[in-house]
Amino acid sequence: MTPDQQIAVLKEAHRWLNTPYHHGAAVQGAGVDCLMLLCAVFHGAGVVPWIDPRPYPTDWMLHHSEERYLMGLGDHARQLPAGTPPEPGDIQTFRFGRTFSHAAIVTDWPNMIHAYLPAGIVTQDRVDAAAFAGRLGPLYRVEVPA
């Protein structure tokens, strides 16, 4: 992404703060989950066309080992090599259950914005917070068509 696109993503992500958590929803101020937040923010910032991966189960990561979240993410973003410094607008993934099944938008490392079920809202957190210890997954960067 260009620096202007990164700024647009961060502005759009901040607009979603305090939106209630609701599985499968994508309505700013009314409800969103972590996956649909990515879709809504990157589309709202004008970076990608609308992507709608619904429907998807709430508990896939508890009963399966297939990395559906990462496979879908990989269709629109590229996994960065380990050790790549995160940039604003990058997507940090996390393992919950058996698979990587959660993601957040990096704002200013190690800060992030994400729709987080335990918080019940779209919130700001730190990647290094205790709730995410041992859960850090691959980092992704959205691919923007030339």
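Q: Helices (H or I, at least four residues) and strands (E, at least two) are DSSP runs, numbered from the N terminus; where does D90 lie on that scheme?
A: D90 lies in the loop that runs between β3 (77-79) and β4. Before we go on: this is a predicted model, in which local features need pLDDT of at least 70, side-chain atom pairs count only at pLDDT 80 or more, and totals for chains, interfaces and linings use all residues. Residues are numbered from 1 along each chain as its sequence is written, and side-chain values use heavy atoms, with hydrogens and water left out.

Q: Is D90 buried or exposed, and how do you know?
A: Buried means under 20% relative accessible area, exposed over 50%, and partly exposed in between (1.4 Å probe, protein chains only). D90 has 1%, so it counts as buried.

Q: What makes the approach of D90 and R141 a polar contact?
A: A polar contact is a pair of N or O atoms within 3.5 Å; within protein, one must be able to donate a hydrogen and the other to accept it, and residues adjacent in sequence count only if both atoms are side-chain atoms. The side chains of D90 and R141 meet at 2.7 Å, so the distance passes. The D90 side chain also reaches the backbone nitrogen of E87, at 2.8 Å.

Q: How many aromatic pairs are there?
A: There are three.

Q: Why is the pair of F94 and F132 called tilted?
A: Rings of Phe, Tyr and Trp (its six-membered ring) pair if their centres lie within 6.5 Å; planes under 30 degrees apart are stacked, over 60 edge-to-face, and the rest tilted. F94 and F132 have centres 5.1 Å apart and planes at 45 degrees, so they pair and fall in the tilted class. This pair links distant parts of the chain, 38 residues apart: F94 is in strand β4 (residues 91-96), F132 in the loop between β7 (121-126) and β8 (136-142).

Q: What class does the pair of Y116 and F132 get, and why?
A: Their centres are 5.2 Å apart and their planes at 50 degrees, so this pair is tilted. Y116 lies in strand β6 (residues 111-116) and F132 in the loop between β7 and β8, so the pair ties together parts 16 residues apart in sequence.

Q: How do you know whether Y116 is buried or exposed?
A: The relative accessible area of Y116 is 13%, under the burial cut-off, so Y116 is buried. F132, at 3%, counts as buried by that rule.
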